[in-house]
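Hello,

Here is the structure for you to look over. Notes on what was found in it follow below.

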Amino acid sequence: MNPENTTCCDIEPDLVAVAAGEAGASAARGVERHVAVCRDCRVALERYRVLERMVADLRRAPVAGADPALSRAELESRLADIRSRMVAYGIFSSPLGKILIARSELGVSMVRYLDSEGAARSHLARLAGGEAVEDKAAVEATYEELLDYLNARSTRLGWPLDLRWAGSDFQRSVLAATAQLPYGAVTSYAGIARRIGAPASVRAVAQALRHNPIPIAIPCHRVIGSSGDLTGYAGSRIGLKERLLSLEGVPVGLRAHKIERGHMYVLFDGYTEYCLPTCGSLSQKPMAQLTLFGSRRHAEAVGLTPCTACRPDLHPISA
Amino acid sequence: MVRDMTEDPFESVVAAHHAEIHRYLVRATSRPSDADDLSQETFVRAYKAYRSLPPDANVRAWLFTIATNLYRNHFRAEGRRRQAMVMAAAGGSERGPSWPEGEVIASQASARIDRIVAALPLKQRLAFTMRKVHELDYDAIGESLDCSAESARAHVFQALRKIRRGLDDLEVVYTERQP
């Protein structure tokens, strides 16, 4: 190659391309013509060809001092850690308005009613140590099940739940007891307190349910005041509580947001028969010891049988 | 598309590409411990972004892009310290001694290539490694280096030209290597 010769300078990229087998037909012809008359470029081309072969050896050569297996093992454990903390979420429309659904590899970790999409951020920030990633596809199936539930096509959300972000063991026990409440039934905050063996902690129970991370699936809407008042729900969304209960056939007094014991079938704690509210001394019993059902159907769906004394099957409560 | 969270398609991405990305980074950094860290970081980033990757994306090229960007940031941070090291390493071979013949020559030559490559400007070095060691196409290399495919090709050309010139005194390498 003659550096004084501009043809030689211009053709060098083509020499490289020909040596690498990347040259187009016209570049290859140009190189062929040139090297036929230019000895320096002929040598250069040959050297580029040799270099290509040496570089090919480089591809196969082991890399000194490197152990990808060790690095990969570390990577796998880092990924496993991230995966366990990763929470996929999506924001969806529902009959109850915009809803945020989040789930981890362990199960559903958060359901939130949203006033605006911007509110999602502050909710997700509560998943301390979690890695929230928007991924509607990953929560789509969960959303579909929720829609079926809210449209009365199903009565059960059989989701695995991830309660790692519940505040405390006390809250977890309150949530677990609440999750046991059957579809179409209600009990009182005092009833939940009694069930978890902390009958004096009624206010703490109410507080724990106020911060229920997974409403609907953990049916805190089925927990009411001892007088039958709906009290509160998800901030100031008492209307949603009423809708969820109505969906389950629980009659809610339209004016006072109140459930009348007199309009509900009654289960006394520890019994397997359900009664009319007027049966025996039931009307004197404290709410904390009772579970109320809006319909016989839902009482019997959980295996209860009609009381053989008051016979709710023969004398159903008129709507 | 409904994706089951318990099944992780990313595992197969790691299985298919980790060793190669690691190898690329060992070459780029010349320090296996840096390559360990950077290759892990590459896959951690990829894992987090994987969900939003279009299904028809070229995953391998995408991983090279992430690795290259991480390395370039790392390189900037390491900056002068590393540059000084490379200069010292390359300095000794500026004037090539006369090499003995045969097998030794070939390995000496590839060691010389490694040294020349290590002293190349960043983009030429990475473009050369991606093209010649990992056989990525110029589009993918351009993507990684934030330049056009044509510039990527030019970087590889410059690298090869310098390597060839750097080996010019090793006449015997060429003659030994004649087919």
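**Contact between the chains**

Pro68(A), Ser71(A), Arg72(A) and Leu75(A) in α4(A) meet Val14(B), His18(B), Ala19(B), His22(B) and Arg23(B) in α1(B); two residues are in contact if their C-beta atoms, placed from the backbone, lie within 7 Å. Helices (H or I, at least four residues) and strands (E, at least two) are DSSP runs, numbered from the N terminus. This is a predicted model, in which local features need pLDDT of at least 70 and side-chain atom pairs count only at pLDDT 80 or more, while totals for chains, interfaces and linings use all residues. Residues are numbered from 1 along each chain as its sequence is written, and chains are lettered from A and ligands numbered from 1 in the order in which they are written.

Axes are lines fitted to C-alpha atoms, for helices over the stretch in contact, and angles run from 0 to 180 degrees between N-to-C directions.

The contact takes 35 residues from chain A and 35 residues from chain B. On the side of chain B that touches chain A, the elements giving two or more residues are α1, α2 (32–49), α4 (103–119), α5 (122–133), α7 and α8 (171–177) of chain B. The largest share of that side, 9 residues, comes from α2(B).

**Chain B**

Chain B has 8 helices and 0 strands. Of its 179 residues, 35% are buried (20 or more other C-beta atoms within 10 Å of a residue's own; 12 or fewer is exposed, in between partly exposed; C-beta atoms are placed from the backbone). Among contacts in chain B with a separation of 6 or more, 67% are between residues 24 or more positions apart.

Helix α7(B), residues 149–167, has 19 residues and reaches 27 Å from its first C-alpha to its last, close to the 27 Å expected at 1.5 Å a residue (the expected span is 1.5 Å times one less than the number of residues). Its buried residues include Ala152(B), His155(B), Val156(B) and Ala159(B). The axes of α5(B) and α7(B) come within 8 Å and cross at roughly 95°. That makes α5(B) roughly perpendicular to α7(B).

**Chain A**

An open sheet of 4 strands in chain A has the order β3-β2-β1-β4, with mixed pairing; two strands pair if DSSP finds at least two bridges between them. Its edge strands are β3 (108–113) and β4 (131–134) of chain A, each pairing on one side only. The twist averages 25° from one strand to the next. Strand β2(A), residues 99–103, pairs with β3(A) in the antiparallel sense over 5 bridges, and Leu100(A) stands opposite Arg112(A) in β3(A).

Lys241(A) is in helix α10(A), residues 238–247. Lys241(A) counts as buried because it has 22 C-beta neighbours inside 10 Å. Leaving aside neighbours within four places in sequence, Lys241(A) is in contact with His221(A), Leu230(A) and Tyr233(A).

Regards

Conventions. Parallel < 35°, antiparallel > 145°, perpendicular 65-115°, else oblique.
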